[in-house]
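Let's take a walk through this model together, starting with the overall picture and then stopping at a few local spots. Keep the viewer open as you read.

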Amino acid sequence: MVKGISRRVIVVDSPDQRFFEQAIFIVRNDAAGEGVTARELVEEAKRIAKRYTGGDHGRFSRAWRDLTPAVYTLMGSAAVALIWLAVALI
């Protein structure tokens with residue numbers, strides 16, 4: 001359905017274009033009247049797009065994601081050693 005109304009949009013390009021090329025945000029008509037600059041609109045659109053693409057889920061998930069495979073190996077080895085020790089002592 002096409003309406004005869006002119007709308008303002010912000011187009012944000014996807015950094016990883018495997019699935020999506022762009023995100024399109026339709027700007028409210030009264031957004032410009034509230035003293036919001038074009039730069040602020042673009043930054044808000046980028047922030048929202050990043051939030052929906054899994055950009056930031058909190059500091060703990062980021063800490064887990066930043067660990068190296070060697071740390072995961074050591075944690076797994078420690079867990080197996082503790083289980084083995086508990087079974088051996090019983």
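Start with the contacts, where contact means heavy atoms within 4.5 Å. Of the contacts in the protein with a separation of 6 or more, 16% are between residues 24 or more positions apart. Before going on, some ground rules: this is a predicted model, so local features need pLDDT of at least 70 and side-chain atom pairs count only at pLDDT 80 or more, while totals for chains, interfaces and linings use all residues. Residues are numbered from 1 along each chain as its sequence is written, and side-chain values use heavy atoms, with hydrogens and water left out.

The protein has 3 helices and 2 strands, and reading along the sequence gives β-β-α-α-α. These elements are DSSP runs numbered from the N terminus, with helices being H or I of at least four residues and strands E of at least two. Of the 90 residues, 8% are buried, where buried means under 20% relative accessible area, exposed over 50%, and partly exposed in between (1.4 Å probe, protein chains only). The accessible surface comes to about 8200 Å², and carbon and sulfur atoms own 62% of that. Those areas come from the Shrake-Rupley method with a 1.4 Å probe; for residues, only the protein chains shown count as cover.

Now for the strands. Val 9, Val 11, Ile 24 and Ile 26 make up a nonpolar surface patch with about 370 Å² of accessible area together. A patch here takes residues with over 30% relative accessible area and no salt bridge, joining like charges within 9 Å and nonpolar side chains (Val, Leu, Ile, Met, Phe, Trp, Tyr) within 5 Å. Both β1 (8-13) and β2 (22-27) supply at least two residues each. Ile 24 sits in β2 and counts as exposed because its relative accessibility is 57%.

Asp 13 belongs to strand β1 and is also exposed, at 52% relative accessible area. Setting aside neighbours within four places in sequence, Asp 13 touches Glu 21 and Gln 22. Its C-alpha atom is 9.2 Å from that of Lys 46, which is 33 residues away along the chain.

What about charge pairing? The structure holds 1 salt bridge, meaning a side-chain nitrogen of Lys or Arg within 4 Å of a carboxyl oxygen of Asp or Glu. The side chains involved are those of Arg 47 and Glu 44, at 2.5 Å, N to O. Both lie in helix α1 (residues 38-52), 3 residues apart, or about one turn of the helix. Arg 47 is partly exposed at 43%, and Glu 44 is partly exposed at 34%.

Finally, look at the second largest pocket, with about 250 Å³ of space. Val 27, Arg 28, Ala 31, Leu 41 and Glu 44 are the closest to its centre among the 13 lining residues. β2 and α1 are the elements giving two or more residues to this lining, and α1 gives the most, with 5. On a 1 Å grid over the protein atoms alone, a pocket is an open set of points where a 1.4 Å probe fits, with protein on both sides within 12 Å along at least five of seven lines; lining residues have an atom within 4 Å of a point.

Notes: Points joined across faces, edges and corners; volume = space filled by probe spheres on them.
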